Amino acid sequence: MKKLFVLLLCSFMLVGCGKSAEVAETNNESTDNQTIAEAQNNSEATASDDASAASTETEDVEIPDYPLDLDISSCDTFTQIVDKVLEPPMAYTNEAIGDTDALLVSTFAYDNMDGNMASIDANVYVYKDGVPTLAGSVTSIGTAYPLAVANGILYVGIGHGTARYTIKDNELVEIDSAWIEYAEDGSETYYYSENGGEAVQMDNSDKLDEITDEYFDAKVLNFDVIK
């Protein structure tokens with residue numbers, strides 16, 4: 001997530017600064033400033049290198065358009081979809097959403113630098129009448145907001161907010177979503193929507209905070225990338 005990435009980057013820089021400060025305690029103020037600056041530059045360079053490495057994961061292949069238009073008519077199982085239909089740089093993972101085992105297939109995955117190959121979009125497939133069927137598709141607002149799951153709920157980052165999804169009757173449906181809108185004067189307005197319905201203006205950020213906190217605590221989905 002952009003927010004999480006910034007927090008991680010800031011934390012990384014703070015660690016570097018802290019170590020430099022310990023070394024600099026015996027030096028004069030000029031040396032202090034120089035040492036801290038060097039540590040910050042080194043931290044920023046390392047973070048930049050890591051981000052560049054993550055962004056080049058899919059440079060050699062063209063990322064397909066979202067949502068994926070996959071012909072799975074000849075597939076009787078999720079495994080056959082993976083083996084017969086998916087191509088680089090597509091990625092996949094299995095996850096329970098609601099009470100249903102699902103196969104999530106994304107256009108691409110990226111290293112979000114916490115040990116996961118994360119993704120921001122997915123076609124969600126379920127078994128219906130014994131064969132794989134597309135239940136729906138979701139996409140997050142950007143790589144700073146990877147898809148995540150907790151307690152059978154799929155979390156998706158939207159503009160200044162978060163949406164929650166589940167699977168009902170073999171269909172991917174939105175449970176609810178909450179977000180914030182900013183006016184030119186800096187004022188904030190909070191909105192909430194249930195079941196994909198009309199947005200309702202809220203008096204406070206309680207719903208937004210609730211869903212966002214759940215999202216930050218949820219497990220980022222880890223995708224296997226087709227080679």
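Predicted model: local features only at pLDDT ≥ 70, side-chain atom pairs only at ≥ 80, totals over all residues.
Strand 10 (residues 171-182) and strand 11 (residues 188-194) run antiparallel and are joined by 7 bridges.

**Strands 10, 11 and 12**

- Between strand 10 and strand 11 the hairpin has 5 residues, and Gly 186 takes a positive phi near 90° there.
- The hairpin of strand 11 and strand 12 has 5 residues between its strands as well, and here Asn 195 is the residue with a positive phi, near 55°.
- Tyr 191 is a handy landmark: Trp 179 stands opposite Tyr 191 in strand 11, and Tyr 191 in turn stands opposite Gln 201 in strand 12.

**The open sheet and its helix**

- Five strands form an open sheet in the order 6-5-2-1-14, with antiparallel pairing.
- Its edges are strand 6 and strand 14 (224-225), each of which pairs on one side only.

**Nonpolar cores**

- The largest nonpolar core has 21 residues, and those touching the most other members are Leu 104, Val 124, Leu 154 and Leu 172.
- Two or more residues of this core come from each of strand 1 (91-97), strand 2 (100-106), strand 5 (121-128), strand 6 (131-139), strand 8 (153-158) and strand 9 (161-168).
- Another core lies apart from it, with 15 residues that include Phe 78, Tyr 92, Tyr 125 and Ile 226.
- What does Leu 104 contact, leaving aside its neighbours within four places in sequence? The list includes Ala 91, Tyr 92, Thr 93, Glu 95 and Ile 97, along with Ala 122, Asn 123 and Val 124. Leu 154, Leu 221 and Phe 223 are also in contact with Leu 104.

**Aromatic pairs**

- The structure holds 5 aromatic pairs.
- One of them is the stacked pair of Phe 78 and Tyr 127, at 4.2 Å centre to centre with 25° between the planes. This pair links distant parts of the chain, with Phe 78 in helix 3 and Tyr 127 in strand 5, 49 residues apart.
- Phe 78 is buried, at a relative accessible area of 9%, whereas Tyr 127 is partly exposed at 36%.
- Trp 179 and Tyr 191 form a stacked pair too, at 5.9 Å centre to centre and 20° between the planes. Because Trp 179 lies in strand 10 and Tyr 191 in strand 11, the pair ties together parts that are 12 residues apart in sequence.
- Trp 179 counts as buried because its relative accessibility is 16%, below the 20% cut-off.
- Ring pairs also link Tyr 155, Tyr 215 and Phe 216 into a cluster.

**A buried threonine in a loop**

- Thr 107 is found in the loop between strand 2 and strand 3 (110-111).
- The side chain of Thr 107 makes a polar contact with the side chain of Asp 121, at 2.7 Å.
- Leaving aside neighbours within four places in sequence, Thr 107 is in contact with Ile 63, Pro 64, Asp 65, Tyr 66, Leu 68, Pro 89, Met 90 and Asp 121.

**Cis peptide bonds and positive phi values**

- The peptide bond from Tyr 66 to Pro 67 is cis, with omega near -10°. Pro 67 sits in the loop between helix 2 (29-55) and helix 3.
- A cis peptide bond also runs from Pro 88 to Pro 89, with omega near 5°. Pro 89 lies in the loop between helix 3 and strand 1.
- Asp 129, in the loop between strand 5 and strand 6, has a positive phi near 55° although it is not a glycine. Asp 129 counts as exposed, at 76% relative accessibility.
- His 160, in the loop between strand 8 and strand 9, is another residue other than glycine with a positive phi, near 55°. His 160 is exposed, with a relative accessible area of 53%.

How values were computed. Residues numbered from 1 in each chain as written. Heavy atoms only, no water. Core = buried A, V, L, I, M, F, W, Y, C linked by side-chain atoms within 4.5 Å. Buried < 20%, exposed > 50% of the residue type's maximum accessible area, 1.4 Å probe, protein only. Helix = DSSP H or I, 4+ residues; strand = E, 2+ residues; numbered from the N terminus. Contact = heavy atoms within 4.5 Å. Pairing = 2+ DSSP bridges. Phe/Tyr/Trp six-rings, centres within 6.5 Å; stacked < 30°, edge-to-face > 60°. Polar contact = N/O pair within 3.5 Å; in protein donor to acceptor, adjacent residues only side chain to side chain.
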